[in-house]
Amino acid sequence: PPQNRLLILEQCGLMTYIRRGLVIGADDDSKLGDDGSKLTLPRKKARLDIAACAAAVGETCSIAGKDDIIYYCDLGCNEGDLTIAMALSLRKAVHNNKKQTVRCLGLDIDSKLIERASNKFSCKGVDDKEKEEFMPVFKDCNLCSGDAHNNACSSFFADSTKTYQEKIPRKMFSLTTIFSTTMWIHIHSGDDGLTKFLERACGWTKKYLLIEPQHSG
């Protein structure tokens with residue numbers, strides 16, 4: 001279940017690591033222990049000066065090199081349960097700082113699953129104001145197709161900014177997740193297709209790419 005998988009990501013420290021790199025004012029030194037209590041971790045020195053790197057390519061950054069808008073993409077989102085859980089987790093983390101927003105895109109080849117995903121968010125107990133500020137976008141997309149994949153991402157940013165074509169360099173996702181999808185891509189597109197899919201995912205991601213690998217040999 002999505003909430004169980006999200007809890008695992010919390011307990012192993014991955015969500016803390018992601019929030020640390022994306023969210024202004026995130027708790028840098030704690031993660032959840034097995035009993036739900038916070039554990040203290042040593043703070044690691046950043047390997048890169050994110051703000052300087054972003055400035056070098058013309059990106060705009062906010063405090064500590066963190067973007068004002070956190071763009072999140074889930075490739076192979078299925079019915080959207082884990083996508084929404086991940087996005088709401090990020091949204092909750094930025095809710096209090098009033099300096100950031102979260103925009104979420106979920107892609108899946110099955111149009112019926114996408115329809116269910118689009119309808120689920122309205123049933124999550126989120127108030128109308130929250131829905132207006134943060135509404136996940138779900139689109140059907142054949143992720144084996146480079147054109148379909150690139151067009152879906154491009155149109156998402158065009159709809160989000162209305163000025164996508166004028167943006168140089170192009171906008172990219174702060175976080176991309178790929179859960180239970182690599183085997184499907186490999187079966188239908190082979191080694192070359194899987195390689196190109198992962199290259200596209202990397203090409204659209206500027207910070208974190210989280211992959212759940214699957215055996216398909």
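The questions and answers below walk through a predicted model of a protein, from its overall make-up to a few single residues.

Reader: How many helices and strands are there in the protein, and what share of its residues is buried?
Author: This is a predicted model, and its chain holds eight helices and seven strands. A residue counts as buried when its relative accessible area is under 20%. Of the 217 residues in the protein, the buried ones make up 41%.

Reader: Which share of the contacts with a separation of 6 or more joins residues 24 or more positions apart?
Author: A contact here requires heavy atoms within 4.5 Å. Among contacts in the protein with a separation of 6 or more, residues 24 or more positions apart account for 71%.

Reader: How are helix H1 and helix H2 oriented to each other, parallel or perpendicular?
Author: Helix H1 covers residues 2–11 and helix H2 covers residues 14–22, and their axes come within 4 Å of each other. The axes cross at roughly 70°. Because angles of 65 to 115 degrees count as roughly perpendicular, the arrangement of H1 to H2 is roughly perpendicular.

Reader: Is H4 mostly covered or mostly exposed, and which of its residues are buried?
Author: H4 is mostly covered, since ten of its 14 residues are buried. The buried residues are Leu82, Thr83, Ile84, Ala85, Met86, Ala87, Ser89, Leu90, Arg91 and Val94.

Reader: What does threonine 83 touch, and what is its relative accessible area?
Author: Threonine 83 has its place in helix H4. Leaving out residues up to four places away in sequence, threonine 83 touches Tyr72, Asp74, Cys77, Cys104 and Phe138. Threonine 83 is buried, because its relative accessible area is 0%.

Reader: Where is phenylalanine 179 found, and how far apart in space are phenylalanine 179 and aspartate 74?
Author: Phenylalanine 179 is found in the loop between strand E6 (173–178) and helix H8 (182–203), and it is buried, with a relative accessible area of 10%. Not counting residues up to four places away in sequence, phenylalanine 179 touches several residues, including Arg5, Leu9, Tyr72, Asp74 and Leu82. Phenylalanine 179 and aspartate 74 are 105 residues apart in sequence, while their C-alpha atoms are apart in space by 7.9 Å.

Reader: Which residues is asparagine 150 in contact with, leaving aside its neighbours within four places in sequence?
Author: Asparagine 150 is found in helix H7 (residues 146–161), and at 28% relative accessibility it counts as partly exposed. The C-alpha atoms of asparagine 150 and tryptophan 204 are separated by 8.5 Å, although the two are 54 residues apart along the chain. With those neighbours left aside, asparagine 150 is in contact with Arg200 and Trp204.

Reader: What is phi of asparagine 78, and what is phi of serine 180?
Author: Asparagine 78 is found in the loop between strand E3 (69–75) and H4, and counts as partly exposed at 42% relative accessibility. Serine 180 lies in the loop between E6 and H8, and counts as partly exposed at 40% relative accessibility. Neither residue is a glycine, yet phi is positive in asparagine 78, at about 60°, and positive in serine 180, near 50°.

Methods: Residues numbered from 1 in each chain as written. Predicted model: local features only at pLDDT ≥ 70, side-chain atom pairs only at ≥ 80, totals over all residues. Heavy atoms only, no water. Axes fitted to C-alpha atoms, helices over the stretch in contact; angles between N-to-C directions. Helix = DSSP H or I, 4+ residues; strand = E, 2+ residues; numbered from the N terminus. Parallel < 35°, antiparallel > 145°, perpendicular 65-115°, else oblique. Buried < 20%, exposed > 50% of the residue type's maximum accessible area, 1.4 Å probe, protein only.
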